[in-house]
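Trainee: Please put the sequence and the structure up. I would like to go through some contacts, helix pairs and cores.

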Amino acid sequence: MTTDKGFELIREFERSTDPIPQFNDDGVRSVLEDISKIYQENYAHATTFTETRDRKFLPLVMYRHKLIQRQKRCVLAYLANRLFRLKALRWHVGATLPPEIKSCINEPESMWFNKYSKILAEYMASIHEGYGLNLTNDIKPPKSLYIEVRCLTDYGKFELDNGEIVLLKKNSQHYLPKLQCEQLIRQGILQHIT
């Protein structure tokens, strides 16, 4: 009767090696059109069944109903998995998405990411009697408070908590407080030298 477009949507998403693949607008639209088409066919047969009480339509109506439910679940699973990946990216990359990831998400996902980042930031600011606590830092205690890092891009001036300004140029090496440079490491600006 129909191809399993919803399952193909999920399979394509799971096979992707990107942090978050490009939103498959055509695939989602195709599944939604398929659902609408099946619903219209099913509605006609369900109306006929209601009027005539001819049971020969009942198995087909039930099959189509289950097919619609399955396709809906597949689309919702696709959308939910995209949000789960965006949520994980917020914890690993930070509140600002890199351009290559930002280009792969659509406007509603971008709005969701911004709202999630705002809520997370407000919560982190409210912890510890208003002093705040960055929950995105390492959970394990650090072996050292300072780490050696190499700058991978020309970042410019970076101000430390103590007011010291460090100039981050490409291929320069620095000995910085771990807590202050973790976010730049996640963003790919700095690299931890072991």
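Trainee: Leaving aside its neighbours within four places in sequence, which residues is Gln22 in contact with?

Mentor: This is a predicted model, where local features need pLDDT of at least 70, side-chain atom pairs count only at pLDDT 80 or more, and totals for chains, interfaces and linings use all residues. Residues are numbered from 1 along each chain as its sequence is written, and side-chain values use heavy atoms, with hydrogens and water left out. Contact means heavy atoms within 4.5 Å. With neighbours within four places set aside, the contacts of Gln22 are Tyr78, Arg82, Ser103 and Cys104.

Trainee: Where does Gln22 lie?

Mentor: Helices (H or I, at least four residues) and strands (E, at least two) are DSSP runs, numbered from the N terminus. Gln22 falls in the loop between α1 (5–15) and α2 (25–52).

Trainee: Is Gln22 buried, exposed or partly exposed?

Mentor: Buried means under 20% relative accessible area, exposed over 50%, and partly exposed in between, with a 1.4 Å probe and protein chains only. Gln22 has 47% relative accessibility, so the residue counts as partly exposed.

Trainee: How far does the backbone oxygen of Ser103 lie from a polar atom of the side chain of Gln22?

Mentor: A polar contact is a pair of N or O atoms within 3.5 Å; within protein, one must be able to donate a hydrogen and the other to accept it, and residues adjacent in sequence count only if both atoms are side-chain atoms. For the backbone oxygen of Ser103 and the polar side-chain atom of Gln22, the distance is 3.4 Å.

Trainee: Which residues does Arg82 touch, not counting residues up to four places away in sequence?

Mentor: Arg82 is in helix α3. Its relative accessible area is 0%, so Arg82 is buried. Beyond four places in sequence, Arg82 touches Phe13, Ile20, Pro21, Gln22, Phe23, Cys104, Ile105 and Glu109.

Trainee: Is Ser16 buried or exposed?

Mentor: Ser16 is in the loop between α1 and α2. Not counting residues up to four places away, Ser16 touches Pro21 and Arg85. Its relative accessibility is 19%, so Ser16 counts as buried.

Trainee: Which residues touch the most other members of the largest nonpolar core?

Mentor: A nonpolar core is a set of buried Ala, Val, Leu, Ile, Met, Phe, Trp, Tyr and Cys residues joined through side-chain atoms within 4.5 Å. In soluble globular proteins, nonpolar side chains tend to be buried together. In the largest core here, which has 13 residues, those touching the most other members are Val28 and Tyr78.

Trainee: Which element gives the largest share of this core?

Mentor: The elements giving two or more residues to this core are α1, α2 and α3 (58–93). The largest share, 5 residues, comes from α3.

Trainee: How are α1 and α2 oriented to each other?

Mentor: Axes are lines fitted to C-alpha atoms, for helices over the stretch in contact, and angles run from 0 to 180 degrees between N-to-C directions. α1 and α2 pack at about 160°, with axes 9 Å apart. Angles under 35 degrees count as roughly parallel, over 145 as roughly antiparallel, 65 to 115 as roughly perpendicular and the rest as oblique. α1 and α2 are therefore roughly antiparallel.

Trainee: Which residues in α2 meet Lys5, Gly6 and Leu9 in α1?

Mentor: These α1 residues lie on one side of the helix pair's contact. On the α2 side, the residues are Gly27, Val28, Ser30, Val31 and Asp34.

Trainee: How are α3 and α5 oriented to each other?

Mentor: The axes of α3 and helix α5 (residues 107–126) come within 10 Å and cross at roughly 45°. Residues that meet include Arg82 and Leu83 in α3, and Glu109 and Trp112 in α5. α3 and α5 are therefore oblique.

Trainee: Which strand does Cys151 lie in?

Mentor: Cys151 is at 0% relative accessibility and so counts as buried. Among the residues Cys151 touches beyond four places in sequence are Asn171 and Ile189. Cys151 lies in strand β1 (residues 146–151).

Trainee: What is phi of Asn171 near?

Mentor: Asn171 lies in the loop between β3 (165–168) and β4 (173–177). At 56% relative accessibility, Asn171 counts as exposed. Its phi is positive, in a residue other than glycine, and is near 70°.
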